[in-house]
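Please look through the sequence and the model below before reading on.

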Amino acid sequence: MIYFTVKYRTRTDIIVTMLEAARYGAIKTKIMYASYLSSQQLRTYLELGATNGLLEYDSKEERYSTTEKGFRLLELYNNLCRLEVAPALS
């Protein structure tokens, strides 16, 4: 029998995945598939990202893109991840 370990993602993990997908501009479907979200979950997280100034929507091109504030969050998140995996100094 094969067992799979399920990793529960935090809201931050999900938002970061969305910001990565929207780095160069992306439609909702691309963000949804890249983030492994249902359409209902996507709507909730897109609203959260837009409200907090992490994502912006271009109605002319119908695409979402990561804002400067979003890029800053990505940078901080990546730095934090590097700290977590860095070997402990003794």
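The points below describe a helix, its surroundings and an aromatic pair.

This is a predicted model, in which local features need pLDDT of at least 70 and side-chain atom pairs count only at pLDDT 80 or more, while totals for chains, interfaces and linings use all residues. Residues are numbered from 1 along each chain as its sequence is written, and side-chain values use heavy atoms, with hydrogens and water left out.

**Helix H3**

- Helices (H or I, at least four residues) and strands (E, at least two) are DSSP runs, numbered from the N terminus.
- Helix H3 covers residues 39–51, and its 13 residues should span 18 Å at 1.5 Å a residue (the expected span is 1.5 Å times one less than the number of residues), which agrees with the 18 Å between its end C-alpha atoms.
- H3 is followed by Gly 53, whose phi is positive, near 75 degrees.

**Buried and exposed sides**

- Leu 42, Tyr 45, Leu 46 and Gly 49 are the buried residues of H3 (buried means under 20% relative accessible area, exposed over 50%, partly exposed in between, with a 1.4 Å probe and protein chains only).
- Seen down the axis of H3, these buried residues fall within an arc of 105 degrees, so they line one face of the helix (the arc is that of the directions from the helix axis to the C-beta atoms).
- The face of H3 turned away from its buried side carries the exposed residues Glu 47 and Thr 51.

**Aromatic pair**

- The structure holds one aromatic pair, and the rings of Tyr 57 and Tyr 64 have centres 4.7 Å apart and planes at 45 degrees, so the pair is tilted (rings of Phe, Tyr and Trp, its six-membered ring, pair if their centres lie within 6.5 Å; planes under 30 degrees apart count as stacked, over 60 as edge-to-face and the rest as tilted).
- Tyr 57 is partly exposed, with a relative accessible area of 44%, whereas Tyr 64 is buried at 13%.
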